Amino acid sequence: MSELANIDRELIDSLSDSLAAIPGTHLGEISFEPEMSGRLRPDVIFQLMIGDREVSIVAETRGDVFPRDAREVVWQLKQYQQDLASSNQHFVPMIIAMSVSEGARSFLRDEHVAYYDLSGSLYIGVGDTFVLIDKPKSKRAKRKDVNIFKGSRAQVLQALIARTDEWVSGSDIADEAAVSPATVSQTLKDLERRDWLQAKGEGPAKRRRLIRPDDLLDAWRDSIIAGPATKQSRYYAPRMKPEDMVHKIQSEHDHNDYNLEFTGQFAAQSYAPFLSNVSNLTVRVTDKRSREWLLSVLGAREVSEGANLTVIDAKSKQLSRGVSNNPERLLASPLQVYLDLLEDHGRSKEMAEHLRAQELVWQ
């Protein structure tokens, strides 16, 4: 049996198990890559009993399905339906996949196309019978995922968001994000599949434009909230308020020497005032040398409580100030501040949404 057939069989077996849990519903005869008169043929056609009604399912099997993939498969399925129109049977189009993204699920329901994936999510409508089971991604699908909101891919997103609605090349983003062209290419392909980008042209002339920054930012927020927290260390700088620490750092900082930037509540107050008082300074650093310099300048010591200084170890070697409108103040970009606030405590999440409403707004 071919690798594709193995995948098909695994998906069909999983679907059969899920259907068996629904009273009055089960799979009948299955035909893989059936013979058809048209130029194309579906991966599988099978009989399905729903209550006392028997229908024929014409299905395509896939790995991971995002909105763009779903549109392409729906076009194929509708071609199959036309080829089968002369039959007396009632055919229902369906996608059976390893995973179907939320955006793809919504699109398929709008198109009245059934779907199933390994999480156990199922949608199918036949006459007056309607089945919808919505579950999060399976653990297996999650393990396969590459998190576009971490590391160098996140730098690509930062650069794209800074140029929302502009047509940009992959080399433009690679230069601005300071990452490899291969990382940019893979990240942009992922965003296209999610329908967050528009593309035009081919090869070196290809340009892309971010068209759904709010959807991207929502997904980024959800990823942060659901994922492990970024490493942070807490310190106490004697007899210093955040403003005093900032003044001390700025007065002794060599812009070409140490890699750090202000973020968190202090930076958010600078962009979009929200609180009457901020008692903690949060600083992002990219390397051990910058961290040691920072702690030395402030005379800070690590503490378990009573901290007034938080240090975040940035995963990337590039800071976000290139897209900040206050580079001389060492402020992180509004986007980076927003993301960091989502991992903070107290009223930081409220502050994050206020900052987003004020600074991260697109037409």
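R284 stands opposite I312 of strand β14. The two flanking stretches, β12 (residues 281–285) and β14 (residues 309–313), run parallel to each other and are joined by five bridges; strands are DSSP runs of E with at least two residues, helices are runs of H or I with at least four, and both are numbered from the N terminus. Two strands are taken to pair if DSSP finds at least two bridges between them.

The model is predicted, so to speak of local features requires pLDDT of at least 70, side-chain atom pairs count only at pLDDT 80 or more, and totals for chains, interfaces and linings use all residues. Residues are numbered from 1 along each chain as its sequence is written, and side-chain values rest on heavy atoms, without hydrogens and water.

Strands β12 and β14 belong to an open, mixed sheet of five strands, ordered β11-β12-β14-β10-β13.

Turning to the backbone, H112 has a positive phi of about 60° although it is not a glycine. H112 sits in the loop between α3 (102–110) and β5 (114–117) and counts as exposed, at 62% relative accessibility; exposed means over 50% relative accessible area, buried under 20%, and partly exposed in between (1.4 Å probe, protein chains only).
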